[in-house]
Each structure stands twice: as C-alpha cells, then as structure tokens.
Amino acid sequence: MEAVLIHLRGAIERGEYAIGDKLPSEAELCRRLDVSRPVLREALRALQAMGLTQSRTGKGTFVIASSVEDPTFGDFTASDLLEVRRHVEIPVAGYAALRRGPENLDHLAHLLERMERETDTTAWVAMDTLFHLAVAEAAQNPVFRRVIEEIRDALARQSAFLNELGGRREQSNREHRAIVEALADGSEHDAVEAMSHHLDRVESTLTDIVRPPRTDSSTEGGPEA
C-alpha cells in the first residue's frame, strides 16, 4: 500500500494529475499498478486524508491539491487536532494522576493488555480511542470526557492513518504503558511528561509522513513487486 501511495502521490506532486483532474478508475489503477482493489483503496483513503484528493460519490476521485500541507481527519486538520490535544490531554493526564481511583486504573490496565495483544489494526484503533477516553474519565471531570468524545472520530482516523503509514502501534503501546504507570504512581509530573512525549511522537510521525517522499527509480515507474 505504501508503494502505491508513494507512486500516486508522486504523480500528483509532479503534475501528472493536475488539480481538478479525475484519477483513473479503480479497475484501471489496479491493472496499471498490478495491485488488489483493497490495497488500492487504502492508498486512495490515505491520499484523501493527506488532502490531495476528494472522493465524489458516483463520479470518482479528483485531485484537489498539488502538495501535502495539513492532513484532515474527519472535520479537523491534523494541526488543529494536535493543538487541542496538547492543551487538553496533557493537563488531563496530570489531573488523572492525582484523582484516579482503583477502578480507573483497572480499566486502563485491562485496555492496555488488550491493545498489546491485538494484531488487527481496526480493533486496535478502536481501543486507542477508548484509552484516551479512559484517561479523561480518570481526571474526574465530565467536561474533559465530553471534549474527547467530540473529537473521537478524528482521533480514530488519525490513529488509523498513523498506523497504516507510520507503523505506530508498538511504539504507541509503550507510550500508553508509560502513561498508565505514571497514573498508578500518582505522579502528576510523570503523567504530564508521558502524555507530552506521546503527543510529540504523534507529531513527529505525522511530519515524516507528510514530508515529500524521495523520488527514485522505484517510484517513477510504479510500485515494485
């Protein structure tokens, strides 16, 4: 999927598909690139999340930008989402360390164990959003949970994007464990540091993904077998 994405993204950024152009049909792209339809559709979804294309029901996929600037997850751009997450989830982690009860720790530990065993990305992403909701619940302020609920769909889309293109799952599990350990220790400082580190890694992975890919012989002619 990454090879298909790099190829299509490169074609758009080189101007082979200009803004307003319609991409070839899925059947045609599958034939040209010699890939299955599920793999192609993953790549097309990633192009749309990057803000390069837009899918129009019954009409196809159209190019709407010539370069990646700020991926969009649902109703929110990545930069807007991360800004809010930093202002909400970092202090929330601190409050959670001070206010969490035994039931909160049990719930988080159970979620973490399931996430560390999970191999299906879709199931893991669903638990990822539940994890961040559970941290907000541990802060014992219903407004915090409501805020996370409001951005839950965007968080799930971002999580799926980072896992498909950035291989974040195992690293994220380790970062989540550090957060839970800080909450269990009741350390506001460590919880704030752990959540800050987690969001720093999210941002750096996003930056790596949206950075223009290097053009070489494997991307000029299509994905390698």
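**Exercise 1. Find which residues lie nearest the centre of the largest pocket, and describe its lining.**

Solution. Start in the middle: Arg45, Ala49, Phe73, Arg157 and Ala160 lie nearest the centre, out of 17 lining residues. Keep in mind that you're looking at a predicted model. Next, ask which elements take part: H3, strand E3 (72–73), helix H6 (121–138) and helix H8 (152–166) each give at least two residues to the lining. Now sort the lining by type, and you get eight nonpolar, five polar and four charged residues. Finally, the space inside comes to about 440 Å³.

**Exercise 2. Work out whether Thr53 is buried or exposed, and what it touches.**

Solution. First place the residue: Thr53 sits in strand E1 (residues 53–56). Then check its accessibility. Buried means under 20%, and Thr53 has 2%, so it counts as buried. Who's around it? Leaving out residues up to four places away in sequence, Thr53 touches Ile12, Leu23, Leu44, Leu47, Gln48, Thr61, Phe62, Val63 and Ile64. Take a closer look at Gln48: its backbone nitrogen is 3.4 Å from a polar side-chain atom of Thr53.

**Exercise 3. Show where the buried residues of helix H2 (residues 26–33) fall around its axis.**

Solution. List them first: Leu29, Cys30 and Leu33. Look down the axis of H2 and these buried residues fall within an arc of 100°, so they line one face of the helix. Here's the background: an α-helix has 3.6 residues a turn, so residues three or four places apart point the same way. Now see what covers the buried residues of H2: the cover includes helix H1 (2–13) and helix H3 (37–49). Just past H2, Asp34 has a positive phi of about 55°.

Notes:
Residues numbered from 1 in each chain as written. Predicted model: local features only at pLDDT ≥ 70, side-chain atom pairs only at ≥ 80, totals over all residues. Heavy atoms only, no water. Helix = DSSP H or I, 4+ residues; strand = E, 2+ residues; numbered from the N terminus. Buried < 20%, exposed > 50% of the residue type's maximum accessible area, 1.4 Å probe, protein only. Contact = heavy atoms within 4.5 Å. Polar contact = N/O pair within 3.5 Å; in protein donor to acceptor, adjacent residues only side chain to side chain. Arc of directions from axis to C-beta. 1 Å grid on protein atoms, 1.4 Å probe; cavity = no way out; pocket = protein on both sides within 12 Å on 5 of 7 lines; lining within 4 Å. Points joined across faces, edges and corners; volume = space filled by probe spheres on them. Nonpolar A, V, L, I, M, F, W, Y, C, P; charged D, E, K, R; others polar.
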